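Reader: I am new to this structure and would like to go through a few of its parts. Please show it first.

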Amino acid sequence: MDHLWANRAESAEAAVTSRHLKSLWHLPGTQLGVVAWPPIKRAPHWHYWWQAHLLDCLIDAQLRDPQPERATRIKRQIRTHRLRNVGRWTNAYYDDMAWLALAIQRAATVIGVDRRRALGTLTRQLTDSWMPEAGGGIPWRKDEQSTEPFFNAPANGPAGIFLAREPGWLQRAVEMGDWIDATLIDPETHLVFDGIRAGSLVRAQYTYCQGVVLGLETELAARTGAERHFVRVHRLVAAVREHMAPGGVIKGAGGGDGGLFAGITARYLALTATALPGDSAADTEARDTAAQLVLASAKSAWDYRQSVNGLPLFGAFWDRAAEVPRGDGAVATSISGAVYESEVPERDLSVQLGGWMLMEAAASLR
């Protein structure tokens, strides 16, 4: 582990935990991430998938530097997530549930937390929703199963990664990777389209769509050894370098939900750099390119950060100076299943999690 990046990841963790981690409803033994800093009066604690990524970042930090206190935070975050979600693990969005499933699965592996019932519930959600007869894929949200479902990479990618790692579900993960490759790959750029509805492609290309498909195909390459998964990783890493990282820095997507996009991409580029097997020249090039993209992005994000009380505040775009948010102005708002950015995007927990995720990704490189 590179000590420079480990120290920077530690600083990013300290920044998020000190500014954003609060108890829920003043209940002892609870913890969630307040979604805005500076906080507003009666600051909201909730956006389901943001909290899942907060949990994932805590697990990254535990892998980097195991600490009993952080293990307690991880358990507290999981428990409070269910409490805030009205005693349930599930919600109406399959992408949200996939992110939580991934984070809890990692918590079970890293600190031995026993959440078999939660994982069983989430596994059923992500497997029972598989709809090849309707052209999918799993849909983005539940209420679309009876209408014209929208099958997208943000749901199928993380669900596939989870199922690849979950005993007994590797073949379904393979089917999901094959469906994405057959359905959502742009033949010109080799990037991943957002999704498809009623046979019509939604042609938007987001950074995190590339990240989750890289994560899935890296897992499948490592677990099956099948050549097609290696080829897909090689192709997509090159496409991200060419189209998604101007100057070698992963593109930002503002605040709100977009604040997580580049961080997710960095997480799975780092996975490719460290977990893609193989000794061919193409394998080596993919690993090296993935690592270079993470490190160049991390250096730029760190150089353009602001420092507040000695701790970093990351920008919504890693190739320009961060703006220190004020204690007034509009904060991130959830509308029709998406969270739109605060007036100053750096105020959003998502943006700071993205920066933390990036620092942990850089620290994980060997």
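Reader: Which elements do the buried residues of α6 pack against?

Author: This is a predicted model. In it, α6 has 13 residues, and 12 of the 13 are buried, so α6 is largely enclosed by the rest of the structure. Among the buried residues are Asn156, Gly157 and Phe162. The elements they pack against are α4, α5 (116–128), β3 (150–152), α7 (170–183), α8 (207–224) and α10 (261–275).

Reader: Are α4 and α6 roughly parallel or roughly antiparallel?

Author: Two packed helices are described by the angle between their axes and the distance between the axes. The axes of α4 (residues 94–111) and α6 (residues 153–165) come within 8 Å and cross at roughly 30°. Angles under 35 degrees count as roughly parallel, so α4 and α6 are roughly parallel.

Reader: How many residues of the contact of α4 with α6 are nonpolar?

Author: On the α4 side the contact includes Trp99, Leu102 and Arg106, and on the α6 side it includes Pro158, Ile161 and Arg165. One residue of this contact is polar and three are charged. The number of nonpolar residues is 11.

Reader: Is Ser297 buried or exposed?

Author: Ser297 lies in helix α11 (residues 281–303). Leaving aside residues up to four places away in sequence, Ser297 touches Gly248, Val249, Ile250, Trp318 and Leu358. Buried means under 20% relative accessible area. Ser297 has a relative accessible area of 0%, so Ser297 is buried.

Definitions and conventions: Residues numbered from 1 in each chain as written. Predicted model: local features only at pLDDT ≥ 70, side-chain atom pairs only at ≥ 80, totals over all residues. Heavy atoms only, no water. Helix = DSSP H or I, 4+ residues; strand = E, 2+ residues; numbered from the N terminus. Buried < 20%, exposed > 50% of the residue type's maximum accessible area, 1.4 Å probe, protein only. Contact = heavy atoms within 4.5 Å. Axes fitted to C-alpha atoms, helices over the stretch in contact; angles between N-to-C directions. Parallel < 35°, antiparallel > 145°, perpendicular 65-115°, else oblique. Nonpolar A, V, L, I, M, F, W, Y, C, P; charged D, E, K, R; others polar. Expected span 1.5 Å × (residues − 1).
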